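Welcome! Have a look at the structure first, then try each task before reading on.

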Amino acid sequence: MTCSHNKLLLMELLFFSVLWPILLVMLFASRPSAAQGLASKSNVPLRNLVVLANSTAELPCDTAPPDRHDEVILVLWFRENVGTPIFSADAREVALSQAGVWFDEDILKKRATFRGRVSEPSILAIGNISLTDQSVYRCRVDFREAKSRNSRINLTVIEPPKSLTVTAEFGQQRVSTVVGPFRIGDRPKFTCTVEGGLPIPVITWRRNRVTVTGQMETSEPDKIRSTLLLPPLKRSDWPMTLSCSASNSERGRPLEQSFDVDMELPPLSVSIVVGERNPAVGKPFSLPCHVSGSRPIPKITWWRNDVLLDPSAHNQTLSINGSVAVSVLDLSLDKTEMNSRITCRAVNPYLDSTVMEDTWNVNLSYPPNVSLAMGRSLNAEGIKAGDDVYFDCHVDARPPANRIEWRRDGIKLVHNTSANVIITNQSLVLQNVGRSMAGNISCHASNVEGQAESQSIFLDVKYAPVCKPGLTRYFGVSRAENVEIVCQVEANPSTELGYKWFFNNSAETIEVPRSRYNNSSPSGASILTYKPLASLDYGTLLCFATNAAGSQNEPCVFHILTAGPPEPVFNCTVSNHSSDAFLIACQPGFHGGLPQNFSLHFFEESNSSGRLVIHQIFAEPIFLLSSLKTNMRYKASIASINAKGKSDDVIVEISTQKEPERQLEVKPGKSTEPRPSNSILTPTLGILSGVVLLLCIAGIVVVVFLRRQCIREAQAAANNDGIGNASNGGLIRTSESTLNQTNGTAGGASTISKAARGGGVNPRSQSLKPLMDSVDCNLDAGGGGPMFVSRIEPDHWKNQMFCHTGLTQLGWPVGEPPPSAHSPSLPPPPPPPNMMMTHQQSIEAGLITPPYTTDSSLDLRSPDIIPPPIIGSCDFGPATLPRSYKGFGMGSSSTLAGTAAATETKKPHVTWSDTMPKAFRQSHDFLRRETSSSSAAANKRESVV
């Protein structure tokens, strides 16, 4: 143990004393020296860097340590063919970004700066680079632990060209921005000279930005030339832009000179622009002339009918890049200069041989000049009713009139053949003219320059007299009373009128003497004074008038009537009915021969009394009543009145409407009160309602299914009971019962409890309890005989029924005698214990009639409706047998047992009776009572068949 430990210590001492110095020597020996770096520069990667002269060159050097725990201590820059460093950055004591720098004064001359960085390459920036700085540079980076790193950069310096000049062939003039002008067919030649540049620059020619090829020449060591010869010039070559550029590097901006080639071109087109509308007569207007294609600007002159116009009347401008010259002439012409010639002439001042011109034939616009004339064959003073008349409208307008209208007294006439008005082009024809067509006829025409109206021609239509509208035709006159009757007519001419009067009654027609009337009234009317003296003097007066156009065809008729009160109004209607107003309109009755008015008495009917609201006289039977009370009854009394009296009253009753309920206006997006949530059928409420409805339907289906299943089970149980009884010898007897007698406080009254065959308490049999309290089951044990049902009287069937604990079969076919009590085929059954019956309580064979009914008008809770019977635990629901069910026959158990085979073929049936006593119908109250038991056995309501 001690020996091994000594050996281990010896080995450790050997390692630290011998091997560790050897490793240090090998580590320092692996670092290359400066001379070794120069000797192995072929293995150092080379990177090219191109810069322009007079710019700044940025030489990159990777100074990132290979290990994040290492750091840079020294950065040295070397130049090719120079053995010593030209720049150094010492970071042995500080960070690289703060390293101390040193540079060679002879080579760098204070133009070098150093940006030391670790995360990205460091930069040695040398400003104001010249061709002498072009060389290969090497960067060496010394780390504190890692070996040194070397990188090389080949710096290339480009000297751009110094100058560029372009000269033209003719005159060897130096080109500036424009050269020329040249004419069509010339072949210009241009020379581009470039001085300086290393490497040698490349010269490029462009024509309208498209590169073209020139011929290169080298005349001097530091100069190069390129010549461009253009093909013969054409009009389409103008405008032309040429450029010459020289470049020897993509880094620098090339030298370039651009210039335009000017050309002398004759005018290409001359046009006078008039516009869409011709100039108006008498209005000043401007007439432009456009000259295009002329280089330089042409000389433009104006001529009228080959006569030179004063140059001060027009001015000249230049537009559209100098390619179009515009000269504008100011004029004002009248109608006498229509169809004269205005000429615009253009010529290039340097190309006199080419002259172009354009001529405009004067076409002026003016508004219509309208005149109206009647047909030549017509005499304006002799036109009579029924003649045909026509007019001609003469219109002079430029442009032609686009609308011509005919008017009579300022009202437009339209083409209507049914009204005898025919309009064709500029003519108006009036056929079969009447006195209504008389008036001033005029013609109106319009165009874009304006409108004009012709003079008016009065159409004077002569016609025979006719009665003037509005004359009083009925006169109510008393005997020996004078009345003046005025006959007034309309006629043309209205002078020299002659009148005749005639009287017509039921007996004869006679002419009225001229002394009774006159024709000298100022209005030209004839006035007749008439006085009836007898009954035959009442009739009709006829008035005829004549003039130069003819005699009156239809006379004016006047009726002489016996004066009397008017007739009442009729056909009264109410309209515009509202809550506070309405309109009553009636038809007037006969006025009685005198002017009549209409009286209105308007009453308000309230509290069985009428209050007069309005009393007024109207000229017409139309009454507008407003500002009335709402929902009020009114009565209107209307009567006709004239000078002779008053007609009967016509009563109109009406009520104003109720005032409409005011609806609160709710603006969109606003509500005055919250809407109740239960009035909105939300989707959630709809879904819940649907679910509840489905659950109700499912519950009904389940109940119906269970009821049907209970019915089937009950029928199966009944069939099984019948088969079991038949196997026991065909005996049918009542089920066992136990009679428990208990001593009560009332003197030892006996009670009977019925044991249920199912052995449990049926909660649905609680309705039998009131009935069982009234059942008399005190049986006489002295009878000594068994208690079997043979026939039950209506007054005793309830007691006998509930004195049996289990009644399984009580019936035989109705209409047949009950079977014998002592059948030889059936032995008599033993009497049940404690079930003896006296003679008074014996039951005779008969029928039991429960009060079943199907009357739908009865309440199911009424005592006239039997409660649903129960078989086992199945409830059949309320009985629905039609009318009065009479029931099944009921016989003794011995008799029924003796006829077991007969019950297979003859089943109990139902008979019907409508003569059932009411007291017997109500005897089913026992079904609402419940039997009680003093023993522990449960109660059960048995079915009664």
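Two strands count as paired if DSSP finds at least two bridges between them. Keep in mind that this is a predicted model.

**Exercise 1. Find how β38 and β43 pair, and over how many bridges.**

Step 1. Strand β43 covers residues 526–530, and β38 pairs with β43 in the antiparallel sense over five bridges.

Step 2. For one example of a bridge, take V483, whose partner in β43 is Y530.

Step 3. Now widen the view: the open sheet has three strands in the order β38-β43-β42, with antiparallel pairing. β38 (483–487) and β42 (517–518) are the edge strands, each with a single partner strand, so one side of each is left without a neighbour in the sheet.

**Exercise 2. Work out which strands pair with β8, and decide whether the residues of β8 are buried or exposed.**

Step 1. Strand β3 (residues 72–79) runs antiparallel to β8, and seven bridges join them. Here L74 stands opposite D142 in β8.

Step 2. Strand β9 (residues 149–158) also pairs with β8 in the antiparallel sense, over seven bridges. Y137 has I153 in β9 as its bridge partner. β8 and β9 form a hairpin, with five residues between them.

Step 3. For the cover, remember that buried means under 20% relative accessible area. In β8 (residues 135–143), nine of its nine residues are buried.

Step 4. Next, sort the residues by face. In a regular strand the side chains alternate between the two faces of the sheet. One side of β8 holds S135, Y137, C139, V141 and F143, the other V136, R138, R140 and D142, and all are buried.

**Exercise 3. Say how many disulfides the structure holds, and describe three of them.**

Step 1. A disulfide is a covalent bond between the sulfur atoms of two cysteines. The structure holds seven disulfides.

Step 2. One of them is formed by C289 and C344, with sulfur atoms 1.9 Å apart. C289 belongs to strand β20 (residues 285–292) and C344 to strand β25 (residues 341–348), so this pair ties together parts that are 55 residues apart in sequence. The link is left-handed, with -90 degrees about the S-S bond, and C289 and C344 are buried.

Step 3. C393 is joined to C443 by a disulfide, S to S 1.9 Å. Strand β28 (residues 389–398) holds C393 and strand β33 (residues 439–447) holds C443, so parts 50 residues apart in sequence are tied together. The torsion about this S-S bond is about -80 degrees, so the disulfide is left-handed. Both C393 and C443 are buried.

Step 4. Another disulfide joins C467 to C556, S to S 1.7 Å. Since C467 lies in strand β36 (residues 463–467) and C556 in strand β46 (residues 556–562), the pair ties together parts that are 89 residues apart in sequence. Its torsion is about -130 degrees, so this disulfide is left-handed. Both C467 and C556 are buried.

**Exercise 4. Locate L694 and decide whether L694 is buried or exposed.**

Step 1. L694 lies in helix α3, which covers residues 683–727.

Step 2. Exposed means over 50% relative accessible area. With 60%, L694 is exposed.

Conventions
Residues are numbered from 1 along each chain as its sequence is written. This is a predicted model: local features need pLDDT of at least 70, side-chain atom pairs count only at pLDDT 80 or more; totals for chains, interfaces and linings use all residues. Side-chain values use heavy atoms; hydrogens and water are left out. Helices (H or I, at least four residues) and strands (E, at least two) are DSSP runs, numbered from the N terminus. Buried means under 20% relative accessible area, exposed over 50%, partly exposed in between (1.4 Å probe, protein chains only). A disulfide is a pair of cysteine sulfur atoms within 2.5 Å.
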